[in-house]
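Visitor: I have a model open and a few quick questions. Can we go through it?
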Amino acid sequence: MDAFLTVLGSIMVVGGALVFLGAAVGLIRFPDPYMRISATGTAGGVGMILIVVGALLHMPSVSNLVKVVLI
C-alpha cells in the first residue's frame, strides 16, 4: 500500500508540474491579456492542488492532512 501511495503521489506531483508548464506556454501563446489571466489563474489553482495532495500522499500523517485541508 505504501508503494501505491508513493507512485500515486509522484503521478500527481508530475501532473501538477505539467499543468504549470501548460500555463507558462499559455502565457506565451495566448494573444490577449484576459486569456492569459484565465489560463494562469485556473492552472495555478489546479496545479497547486495536485502538487500539495501528491506531497501528502508521499508523507501521509494527520498533521499533514490538516495542513492540506487548510490549504
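Visitor: At roughly what angle do the axes of helix 2 and helix 3 cross?
Guide: The axes cross at roughly 175 degrees and come within 10 Å. Axes here are lines fitted to C-alpha atoms, for helices over the stretch in contact, with angles from 0 to 180 degrees between N-to-C directions. Helix 2 and helix 3 are therefore roughly antiparallel, a label for angles over 145 degrees. This is a predicted model, where local features need pLDDT of at least 70, side-chain atom pairs count only at pLDDT 80 or more, and totals for chains, interfaces and linings use all residues. Residues are numbered from 1 along each chain as its sequence is written, and side-chain values use heavy atoms, leaving out hydrogens and water.

Visitor: Which residues meet there?
Guide: Val52, Val53 and Leu56 of helix 2 meet Asn64, Leu65 and Val68 of helix 3, contact being heavy atoms within 4.5 Å.

Visitor: Switching topic, what is the mean pLDDT?
Guide: The mean is 90, and 100% of the residues reach 70 or more; pLDDT is the predictor's confidence in each residue, from 0 to 100.

Visitor: How far is Val46 from His58 in space?
Guide: Their C-alpha atoms are 19 Å apart, with the two residues twelve apart in sequence.

Visitor: What does the C-alpha trace span overall?
Guide: About 45 × 25 × 10 Å along the principal axes.

Definitions and conventions
Helix = DSSP H or I, 4+ residues; strand = E, 2+ residues; numbered from the N terminus. Parallel < 35°, antiparallel > 145°, perpendicular 65-115°, else oblique.
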